[in-house]
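Here is a short report on one structure. Have the sequence and the 3D view ready as you read.

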Amino acid sequence: MFEIHKSFTKYDLINIADNLKLNIVYSTDDDKSQIKRKVIECIQNNMGSNLNENNYNLDSIRSLMLYLKKENPNKRLSSKDKDSIITISKKIIHYCKNDYNLDLSYYDDEQSILDDLYGVKRYGDILSVRIACKLWNKQSNKIKFNPIISPGKQKTLDEKNKLKNINNKLVINSGKFILDFD
């Protein structure tokens with residue numbers, strides 16, 4: 001029997017069902033266990049089906065089952081945990097912005113910085129973590145850290161970059177101009 005991991009919230013399951021266009025009818029009055037039951041029934045009825053393009057990079061019902069069995073990768077952090085991660089990231093950013101000088105940072109040695117980077121890189125959905133990794137990676141001859149970003153957040157960032165890179169075809173003319181104000 002297939003079971004959904006308890007870390008998925010009611011709203012996570014609804015978002016997954018909507019994004020994957022699963023045939024599930026739910027109401028706002030349904031609780032988490034009812035939504036779970038409906039998702040499990042839908043999955044069991046469509047075992048051989050393939051999934052449409054989605055934010056979760058899932059291509060089949062089997063991959064969806066594996067995704068739902070494991071802990072939710074987008075599990076929301078408590079505000080205390082998030083504040084702790086942001087604080088660590090800011091310390092790393094401070095170190096990087098001060099020319100990677102240990103004397104001007106909160107750190108005693110480079111190993112403690114590496115330990116912190118290993119700890120926070122999996123929270124790549126947080127902006128300060130991405131900035132800390134980016135600044136750290138500007139150093140030459142050092143271990144490179146790539147923050148782990150959820151597929152949904154990566155898609156949002158890609159769309160944002162695409163909008164920034166649109167060429168508006170700005171034309172600048174130089175020369176003498178006469179402006180007449182009536």
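L117 is buried, with a relative accessible area of 0%; buried means under 20% relative accessible area, exposed over 50%, and partly exposed in between, with a 1.4 Å probe and protein chains only. This is a predicted model, in which local features need pLDDT of at least 70, side-chain atom pairs count only at pLDDT 80 or more, and totals for chains, interfaces and linings use all residues. Residues are numbered from 1 along each chain as its sequence is written, and side-chain values use heavy atoms, with hydrogens and water left out.

L117 lies in helix α5. Helices (H or I, at least four residues) are DSSP runs, numbered from the N terminus. Leaving out residues up to four places away in sequence, L117 touches I92, C133, W136 and F145. Contact means heavy atoms within 4.5 Å. K80 is 37 residues from L117 along the chain, and their C-alpha atoms are separated by 18 Å.

S89 lies in helix α4. This serine counts as buried, at 0% relative accessibility. Apart from neighbours within four places in sequence, S89 is in contact with V120, S128, V129 and A132.

**Aromatic pairs**

How many aromatic pairs does a search of the whole structure find? The search finds five. Rings of Phe, Tyr and Trp (its six-membered ring) pair if their centres lie within 6.5 Å; planes under 30 degrees apart count as stacked, over 60 as edge-to-face and the rest as tilted. Two of the pairs share F145.

| Pair | Centre to centre | Between the planes | Type |
|---|---|---|---|
| Y118 and F145 | 4.8 Å | 75 degrees | edge-to-face |
| W136 and F145 | 6.4 Å | 65 degrees | edge-to-face |

Y118 lies in helix α5 (residues 110-120) and F145 in the loop between α6 (127-137) and α7 (151-164), so their pair ties together parts that are 27 residues apart in sequence. Y118 is partly exposed, at 46% relative accessibility. F145 is buried, with a relative accessible area of 1%. W136 is buried as well. Ring pairs link Y95, Y100, Y118, W136 and F145 into a cluster.

Y106 has a charge over its ring: the charged end of K91 sits 5.9 Å from the ring centre. A charge sits over a ring if NZ of Lys or CZ of Arg is within 6 Å of the ring centre and within 35 degrees of the ring normal.

**Helix α1**

Helix α1 covers residues 10-19, and its buried residues are K10, D12, L13, I14, I16 and A17. These pack against α2 (32-45) and α3 (61-69). K21 follows α1, and its phi is positive, near 55 degrees.

The largest pocket holds about 760 Å³ of space. A pocket is an open set of points on a 1 Å grid over the protein atoms alone, where a 1.4 Å probe fits, with protein on both sides within 12 Å along at least five of seven lines; lining residues have an atom within 4 Å of a point. Its lining has 25 residues, and the closest to the pocket centre are P73, N74, K75, R76 and D125. α1 gives the most to this lining, with three residues.

The second largest pocket has a volume of about 160 Å³. Its lining consists of L127, R130, I131, C133, K134, N137, F145 and P147.

How values were computed: Helix = DSSP H or I, 4+ residues; strand = E, 2+ residues; numbered from the N terminus. Points joined across faces, edges and corners; volume = space filled by probe spheres on them.
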